[in-house]
Amino acid sequence: MAFTLYSLLQASLLIVNAVAVLHEERFLRHVGWGSDQGIGGFGEEPGIKAQLTNLIRSVRTVMRGKGTIFSIIIITIIIICS
């Protein structure tokens, strides 16, 4: 399989889907990345852990509906081209 722009987009879609389906109570709390973890005080810079938790939460919020539509389009293209 050649490394093309299409394969790069397909891999990024798979990664975004994997992040979007992470459940906070089932998975993230068991590894210590729950929503109540890493809350700093006023004026403090958030750590890497808090930033990644916020990124995961943001991806889950934004890609909940759009990720499904993108996945359906990619699956349809794969079926048609095969």
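Mentor: Let's begin with what counts as an element: helices and strands are DSSP runs, numbered from the N terminus, and a helix needs at least four residues. Keep in mind that this is a predicted model. Read from the N terminus, the elements of the protein chain go α-α-α.

Trainee: How many helices and how many strands does the protein chain have?

Mentor: Three helices and zero strands. Helix α1 covers residues 5-20, α2 covers residues 24-28, and α3 covers residues 48-81.

Trainee: What should I look at in α3?

Mentor: α3 has 34 residues, and a straight helix would reach 50 Å at 1.5 Å a residue. Here the end C-alpha atoms are only 41 Å apart. There is also a bend to find in α3: a kink of about 60°.

Trainee: Where is that kink centred?

Mentor: On M63. M63 is also among the buried residues of α3.

Trainee: Which residues of α3 are buried?

Mentor: For this you need a cut-off: buried means under 20% relative accessible area, and exposed means over 50%. In α3, the buried residues are A50, T53, I56, R60, M63, G67, S71 and I74. Across the protein chain, 17% of the 82 residues are buried.

Trainee: Let me try one in another helix. Why does L28 count as buried?

Mentor: L28 has 4% relative accessibility, so it counts as buried. Its place is in α2.

Trainee: What about S7, is it buried or exposed?

Mentor: S7 is buried, at 11% relative accessible area. You'll find S7 in α1. A polar atom of the S7 side chain lies 2.8 Å from the backbone oxygen of T4.

Trainee: Which side chains are joined by a polar contact of 3.0 Å?

Mentor: Those of N54 and R57. N54 belongs to α3. With 40% relative accessibility, N54 counts as partly exposed.

Trainee: Now the surface. Which residues make the nonpolar patch?

Mentor: When you look for a patch, you want nonpolar side chains that are joined within 5 Å and have over 30% relative accessible area. In this model, Y6, I69, F70, I73, I77 and I78 make a nonpolar surface patch of about 510 Å².

Trainee: Which helix gives the largest share of the patch?

Mentor: That's α3, with five residues. Take I77, which is found in α3: its relative accessibility is 35%, so I77 counts as partly exposed.

Methods. Residues are numbered from 1 along each chain as its sequence is written. This is a predicted model: local features need pLDDT of at least 70, side-chain atom pairs count only at pLDDT 80 or more; totals for chains, interfaces and linings use all residues. Side-chain values use heavy atoms; hydrogens and water are left out. Patches are made of residues with over 30% relative accessible area and no salt bridge: like charges are joined within 9 Å, nonpolar side chains (Val, Leu, Ile, Met, Phe, Trp, Tyr) within 5 Å. Accessible areas come from the Shrake-Rupley method with a 1.4 Å probe; for residues, only the protein chains shown count as cover. A salt bridge is a side-chain nitrogen of Lys or Arg within 4 Å of a carboxyl oxygen of Asp or Glu. Helices (H or I, at least four residues) and strands (E, at least two) are DSSP runs, numbered from the N terminus. Buried means under 20% relative accessible area, exposed over 50%, partly exposed in between (1.4 Å probe, protein chains only). A polar contact is a pair of N or O atoms within 3.5 Å; within protein, one must be able to donate a hydrogen and the other to accept it, and residues adjacent in sequence count only if both atoms are side-chain atoms. The expected span of a helix is 1.5 Å times one less than its number of residues. The bend at a residue is the angle between axes fitted to the seven residues ending there and the seven starting there.
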